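Thanks for making the time this morning. I would like to walk you through one model, and I will ask you to keep the sequence and the structure in view while I talk.

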Amino acid sequence: MAAPFNDLDPLLHSQLRLAVMSLLLGVREAEFTFLKEKTGATAGNLSVQLGKLKEAGYLTLNREMNGSYPLTRCAITPAGVVAFEKYVADLQRYLKPG
């Protein structure tokens, strides 16, 4: 009997949020400008999506001032790593059923 298909985490099923989590998984921490450049997202959209990931406990946001410029650093949390790994495993089940 084939294994059941698990629901995919709707928070990670968004292209931009998935891209952010993928990037953070590799570097663990990144500045907002790095994520913006790598994803091609607008600052406003990226900010909203980071807020959703933070609210879910998947990442932390650290905002400070660097001289007169705001500096935001994002870091993946252990819960974010677990959620990402589960998402990938669930997605693989869709790609290779049975």
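Predicted model: local features only at pLDDT ≥ 70, side-chain atom pairs only at ≥ 80, totals over all residues.

Residues are numbered from 1 along each chain as its sequence is written, and side-chain values use heavy atoms, with hydrogens and water left out.

Let me start with the layout. The protein has four helices and three strands, where helices (H or I, at least four residues) and strands (E, at least two) are DSSP runs numbered from the N terminus. Read from the N terminus on, the elements run α-β-α-α-β-β-α. The C-alpha atoms fill a box of roughly 60 × 25 × 20 Å, taken along the principal axes. Of the 98 residues, 33% count as buried; buried here means under 20% relative accessible area, exposed means over 50%, and partly exposed is in between, with a 1.4 Å probe and protein chains only. If we take contacts, meaning heavy atoms within 4.5 Å, with a separation of 6 or more, residues 24 or more positions apart account for 58% of them.

Now the sheet. It is an open sheet of three strands in the order β1-β3-β2, with antiparallel pairing, and two strands are said to pair if DSSP finds at least two bridges between them. Because β1 (29–31) and β2 stand at the edges, each with a single partner strand, one side of each is left without a neighbour in the sheet. The twist averages 20° from one strand to the next. Between the antiparallel strands β2 and β3 there are eight bridges, and N66 has Y69, in β3, as its bridge partner. Helix α1 packs on this sheet and touches β1, β2 and β3, and its direction makes about 80° with that of β3; axes are lines fitted to C-alpha atoms, for helices over the stretch in contact, and angles run from 0 to 180 degrees between N-to-C directions.

What does α1 look like taken by itself? Its 13 residues reach 19 Å from the first C-alpha to the last, close to the 18 Å expected at 1.5 Å a residue, the expected span being 1.5 Å times one less than the number of residues. The buried residues in α1 are L16, R17, V20, M21 and L24. Seen down the axis of α1, these fall within an arc of 135°, so they line one face of the helix, the arc being that of the directions from the helix axis to the C-beta atoms. On the other side of α1, Q15 and G26 are exposed. The cover over the buried residues of α1 includes β1, α2, α3, β2, β3 and α4. After α1 comes R28, with a positive phi near 70°.

Helix α3 can be described in the same terms. It has 13 residues and reaches 18 Å between its first and last C-alpha, close to the 18 Å expected. Its buried residues are L46, Q49, L50 and L53, and these fall within an arc of 105° seen down the axis of α3, so they line one face of the helix. Among the elements that cover them are α1, α2, β2 and β3. Just after α3, G57 takes a positive phi of about 85°.

Finally, two single residues. T72 lies in strand β3 and is buried, with a relative accessible area of 14%. Not counting residues up to four places away in sequence, T72 touches A30, E31, F32, L61, N62 and R63. H13, found in the segment before α1, counts as partly exposed at 47% relative accessibility. With that sequence limit of four places again applied, H13 touches L8 and Y87; the C-alpha atoms of H13 and Y87 are separated by 8.4 Å, although the two residues are 74 apart along the chain.
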